[in-house]
Amino acid sequence: MITLDRLVNVLGGYGVRMRPGAVPRTTELGSVVLPEVVDGAPVTGDVLLAVDAPSVDEAMRWAASARATAVLVRGDDTMVSVEAAGVAVLFVEPTVRWSVLAAVVYGLVLEGRETESGRGPTDLFALADSLAESTGGAVTIEDALARVLAYSSSQAGADPARVATIMGRHVSQQLHQFFTDKGVFAHLAASDAPLFVGPDDANGLSGRMVVAVRSGRELMGSVWVSCDQPLVDPELTALADGARTVALHLLRSRASADLERQVESDLVIRLLDGGADAAASASRLGLPHTSMRVIAVQASIGAERDAALLLTFERATAGFGWSRPGRSALAGNTVYTLLPGESATAARTWVAGLRAALPDRTTMTAGISKSATATDLPAARQEADECLALHESKGAHTEPPAYDESWDEILLQRLRTAARSGRTPDRGPIAELRRHDLAHATEYASTLKAWLEALGDPAAAGEALGVHENTVRYRLRKMGDVTDLPLADARKRLAMMVELAAVEP
């Protein structure tokens, strides 16, 4: 089931708003009805669509008759003259069509039930139980990446490999390699026929019957049955029929997930772009108005970026309803996530979790903004982008930088970006010293930089360079023969430090 909170948040993107009331937002919803009477009695359900209600008061009476927890009605919240005790009232904008809302509400309430990934109906588990009963073995339903979506409560034929798969929520690397060597995944990709995989003591496997779950030509997943011998009819036919039913469930689950992602993504982009209704957008997303960090993520698998980016977005938005800590959007070649909280450590933990959910060959870089309020998110987005570029320059194996910890590196990165575009002086002390170094293999520019960073201390500069302090003094004197070196002028010393930082390799 879904909660009232999720329904309100999703419908908020369609201009629906809820009047605060006594119904907890954690209340679960499992059915949708229209105002109608069958065999002399009103049809009852959790969510009532008060289509064509002549007034809000009449819609409230309909809701009471239907024993509804929530009612959707056109009108203004100031029009409610009767206390809606025990009913959540959701007001619909006049421009929103009932046909659109009905599709959204039915999709959310009837299909928005929980699986391991948080997307898809709970009756996928019931289907696994049904298949286990009809095939006589324990059943596991997996997606195309061998992640567990549902499993039967029956333990008939269960073995250590099944236990490890369910506990780990995916097939172990060792078992995955075993199935690959046996040609199982190649068979699933090419054939709809069930395949038997014999026992293997090394992997704790008693035997499996597996069949592909497919929609058209697309492999959506697989169904596995624990058995020590190949299945025969009628069990074999039940398995094949069950795989087709699973495909329908996964298609409906995908449609529901895509709807939620679209609403969420639109609201996140609105916040990052600096929309005028930042507070309202944050509320619809269930985010605080303060203490959020923007996380920017890019990913690739070899030279392939699009597939890796889509998979990253799918994993970032995986989770039941609105219980995930962050809210994400895909913009261009970057996944942006708004993560509540002030801690950079928590943000890095979230990034690490996302990385762990991706295939091993994925290269992922990330940047983390400073903590920001809802109205400061456009600036935080720029900070995250700059930290992302910094992480890319350092290498994906390093820790993702956070702006409040790496602002100095970001500043230097900006200077270097400007320098690469040809916006540094080609005349002056630093330019002339660098040209001399290039022509005569001297180290004047690096010596001057060390001396400036040591605040004019030759001994400290020499230690940083690995030379004697007298060598530093000698080089400083020789620099005076190459260019006019204004070391006594504080402003010019500052300008030289900035230029040296900008042209640093």
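**A loop residue and its setting**

Tutor: Thr483 is found in the loop that joins α17 (469-482) to α18 (490-502); helices (H or I, at least four residues) and strands (E, at least two) are DSSP runs numbered from the N terminus. The model is predicted: local features need pLDDT of at least 70 and side-chain atom pairs count only at pLDDT 80 or more, whereas totals for chains, interfaces and linings use all residues. Residues are numbered from 1 along each chain as its sequence is written, and side-chain values use heavy atoms, with hydrogens and water left out.

Thr483 counts as buried because its relative accessible area is 8%, where buried means under 20%, exposed over 50% and partly exposed in between (1.4 Å probe, protein chains only). Leaving aside residues up to four places away in sequence, Thr483 touches Gly428, Pro429, Glu432 and Leu433, a contact being heavy atoms within 4.5 Å. Of the 505 residues of the protein, 46% are buried. Among contacts between residues at least 6 apart in sequence, 57% join residues at least 24 apart.

Lys394 belongs to helix α12 (residues 377-394) and is partly exposed, at 38% relative accessibility. Its side chain makes a polar contact with the side chain of Glu409 at 2.8 Å; such a contact is a pair of N or O atoms within 3.5 Å, and within protein one must be able to donate a hydrogen and the other to accept it, while residues adjacent in sequence count only if both atoms are side-chain atoms. The C-alpha atoms of Lys394 and Thr365, which are 29 residues apart along the chain, are separated by 9.8 Å.

Confidence is lowest in helix α3 (residues 98-111), with a mean of 74, and highest in strand β12 (residues 195-197), at 95. Over residues 112-122 pLDDT stays under 50, although the model has 47 contacts there beyond four places in sequence. Where pLDDT is low, the predicted coordinates should not be read in detail.

Technical notes
pLDDT is the predictor's confidence in each residue, from 0 to 100.
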